[in-house]
Each structure stands twice: as C-alpha cells, then as structure tokens.
Amino acid sequence: MGTWSSVMRTYETNFVSFAAGVGSALTSVFVLVLAGTYIGIGALTHNLGLSPWWLAISTALIFAAPAQVILITALGAGSPLFEVAIAVTLSAIRLFPMVVALMPVLRGPKTRTRELVIPTHFTSVSMWVESLRILPSLPFARRVAFCNGLSVAYCGTAVVFGFVGSYLAAGLPALLSAALLFITPLSFLMSTARNARAAIDRLALVLGLLLAPLLTYFQIGLDLMWTGVIGGTLAYATHRLLGLRA
Amino acid sequence: MNELAPYLILILVGFLPNELWRMLGLVLARGLNENSQIVLWSRAVATAILTGVVAKLIFFAPGDLASVPLGVRVGAASVGFAAFLAVRRSVFVGVMAGEAILVGAGLFYGS
C-alpha cells in the first residue's frame with residue numbers, strides 16, 4: 001500500500017471488484033458496439049427462421065460475433081455442416097493469440113489455472129481491449145473478479161440486444177428490417193478496419209472483400225475457408241517479401 | 001429430435017470449433033510471442049475471413065436485405081466506409097452514414 005494506493009485501484013473483496021468490472025463495462029463505448037451488432041444478428045436470426053432463445057444460448061456459448069454470423073448465415077443457406085465448422089474454426093484462430101496475450105495480465109503468483117477458464121471462455125474484442133487497458137492498475141488478487149465482471153456485463157448486453165433485434169425484425173416493415181440486417185456487415189467492416197493498423201492486416205482485409213464474392217459466385221466449395229487461407233497467406237507472403245512493418 | 005437438432009448443431013459446428021482456440025490459448029499461453037510469425041499469419045487469415053463474411057452479406061444479402069438493389073447495398077457500404085475514414089475512424093459515424101444511404105435510397109426505389 002502506502003505510495004501505491006494513489007495509483008492502484010484497491011477493491012476490498014472480489015465481489016466489489018466484480019461489481020466494478022460490471023460498472024466499467026456498462027459505461028464503455030463497447031456497449032453501443034455490442035448493442036448494434038447483436039440487434040443486427042438478432043434480425044438475421046429472425047430472417048433465417050431461428051429462435052431468439054437459440055441465439056441467446058449461442059451468444060453465451062460462442063460469444064464471438066463473427067463465428068455466430070458465419071454459423072447463422074450458413075445454417076440459413078443450408079451449407080454442409082463440415083464446411084460451417086471449418087469456417088467457424090478459421091474465424092476463431094484469432095482468439096488464440098488474444099488469450100495468449102491476456103493470460104500474463106491475469107495470472108498472479110496465487111492464481112489457479114481453473115480460475116482462468118471463465119476469462120478464457122469470454123475472451124473477445126470488447127473484454128480483451130478493456131482488460132488489457134484496466135487490469136494492470138489492479139492488484140493481481142482482484143483481477144480475475146474484475147475481468148469476470150466485464151465478461152458478464154458484455155455478454156449480458158449481447159444476449160439482451162439479440163432478443164431486441166429478433167423481435168424488432170419480426171414487427172418492422174421490410175426496409176427497416178433490411179436496415180437492421182445491414183448493421184452487421186457495416187459494423188464488422190469498420191471495426192475490422194479500425195483494428196487493422198499493420199499493412200499485412202489491411203491487405204488481408206481487402207483480399208477478403210474481393211475473394212469471398214468471387215469464390216461464392218463461381219460456386220467454389222469451402223469459399224470462406226479458401227478466402228481466409230488464400231487471402232491471409234497472400235497478405236502474409238507480401239509482408240515477408242516486401243519486409244513490410246508488422 | 002427435430003427441435004433439438006439446431007442446438008446440437010450449435011454445439012458441434014459452432015461452440016466446439018470456436019472454443020478450441022481459446023482453450024488452446026490457455027494451455028499454451030506460456031512462451032508464445034504476440035508478434036511471432038504464426039500469430040501474424042493467423043491474424044491475417046482471420047481478417048480475410050471476417051471481411052469475406054462482410055462481402056458475402058453485402059453481395060448475397062439474406063432475408064429482407066435482398067430486396068434492396070445490389071448497387072444500393074454496395075454504394076451505401078462505400079459511403080459508410082468513407083464517412084468512417086473521414087470522421088476519426090468512428091465506427092458509429094460510419095454505420096449511421098451507411099444506414100442513412102441504404103434507407104434513403106431504399107425509400108427512393110420503393111423497395
């Protein structure tokens with residue numbers, strides 16, 4: 001304590017730390033992003049004939065908007081399940097380095113691995129960005145609780161607005177329902193662009209936009225898998241060959 | 001059985017293939033550099049897949065979105081992206097601009 005108390009946030013108990021995490025999440029900009037995204041996904045779910053409860057469970061279990069959109073649209077289009085699983089898993093590889101980067105921030109000298117299972121499950125852009133920003137100012141003993149507070153608040157927000165989108169789409173005229181469905185591609189495109197600071201990521205972004213419609217148009221199977229593997233590898237190869245900055 | 005099928009599919013082709021990478025991250029967290037080559041490549045693959053999904057949703061639009069002409073969908077997304085770039089990379093501004101064009105043009109074309 002002493003000199004540190006002015007810099008560190010010291011919460012008396014884990015519950016207080018958890019509640020502080022909830023409060024911090026609910027007052028962050030990510031609540032707006034999640035609300036818009038999950039209203040769009042809710043509308044998508046309704047349009048493709050899936051129940052809002054199915055969406056709620058998928059949000060709790062998956063909590064990754066890209067994987068959920070891939071799953072929902074592929075089921076709606078009647079794609080083979082094997083192809084859906086491959087596209088979902090390729091979209092989820094990015095979670096691996098995120099978890100790897102988050103663990104050293106969460107794991108204190110007394111932290112047990114099983115305490116880290118819940119933060120690992122809820123690792124997603126919103127929770128990850130906020131954890132890396134805030135947790136270093138907390139004592140290790142309170143970090144997991146704070147992080148779980150963030151996770152519960154963000155996931156709860158996503159579940160609630162999934163229902164909102166699903167019910168809105170059911171009652172709205174076609175043009176407004178189209179507008180809800182349009183939220184997902186718009187918000188995905190721009191949040192991806194905002195995260196793509198390095199040249200390799202920008203190149204991958206453009207290649208993905210070009211390749212997917214071409215592969216789909218020519219009815220190439222596993223179109224999303226090839227979009228990722230070809231687009232990502234081309235971007236990576238260009239980065240290596242030209243020595244672009246990471 | 002038919003009512004349970006969507007939930008079984010959710011677990012098998014949604015939850016498991018997604019969760020795999022998170023748990024792998026927990027198990028292998030020690031000793032991997034955030035800027036290692038495999039991490040760079042996997043981030044590029046995931047980025048291309050994400051924008052691939054975006055392009056598919058715009059070009060082969062689902063549900064009611066398909067009733068808006070393709071040119072309007074592409075134009076609205078382009079204007080939205082331009083607004084995003086112009087206004088401090090604000091996702092909110094970009095989404096609102098894109099939506100305004102889509103709804104405005106949709107009303108004009110009477111979709």
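Analyst: Between domain 1 of chain A and domain 2 of chain A the count of salt bridges is zero. One residue pair is in polar contact there, with both residues at pLDDT 80 or more. Helix α5 (residues 81–92) of chain A supplies the largest share of the domain 1 side, four residues. By class, that side holds four nonpolar residues, no polar ones and one charged. The model is predicted. The domain assignment places domain 1 at 2–177 and domain 2 at 196–246 of chain A, and their C-alpha centres are 26 Å apart. Five residues of domain 1 touch five residues of domain 2. The two domains bury about 400 Å² between them, with 85% of it on carbon and sulfur atoms. On the domain 1 side, Glu83(A), Ile86(A) and Leu90(A) lose the most area to domain 2, together 72% of what that side buries.

Now the contact between the chains. Here 68 residues of chain B are in contact with 88 residues of chain A. The area buried between chain B and chain A is about 6900 Å², and carbon and sulfur atoms give 77% of it. In chain B, Trp21(B), Arg22(B) and Leu26(B) lose the most area to chain A, together 10% of what the chain B side buries. The rule finds one salt bridge across this interface; the side chains of Lys56(B) and Asp223(A) meet in a salt bridge at 2.6 Å, N to O. Among the elements of chain B, α2(B) gives the most to the side that touches chain A, with 22 residues. That side has 44 nonpolar, 14 polar and ten charged residues.

Note on methods: Residues numbered from 1 in each chain as written. Chains lettered and ligands numbered in written order. Predicted model: local features only at pLDDT ≥ 70, side-chain atom pairs only at ≥ 80, totals over all residues. Heavy atoms only, no water. Contact = heavy atoms within 4.5 Å. Buried area = accessible area lost by both parts, 1.4 Å probe. Salt bridge = Lys/Arg side-chain N within 4 Å of Asp/Glu carboxyl O. Helix = DSSP H or I, 4+ residues; strand = E, 2+ residues; numbered from the N terminus. Nonpolar A, V, L, I, M, F, W, Y, C, P; charged D, E, K, R; others polar. Domains from an automatic or database assignment. Polar contact = N/O pair within 3.5 Å; in protein donor to acceptor, adjacent residues only side chain to side chain.
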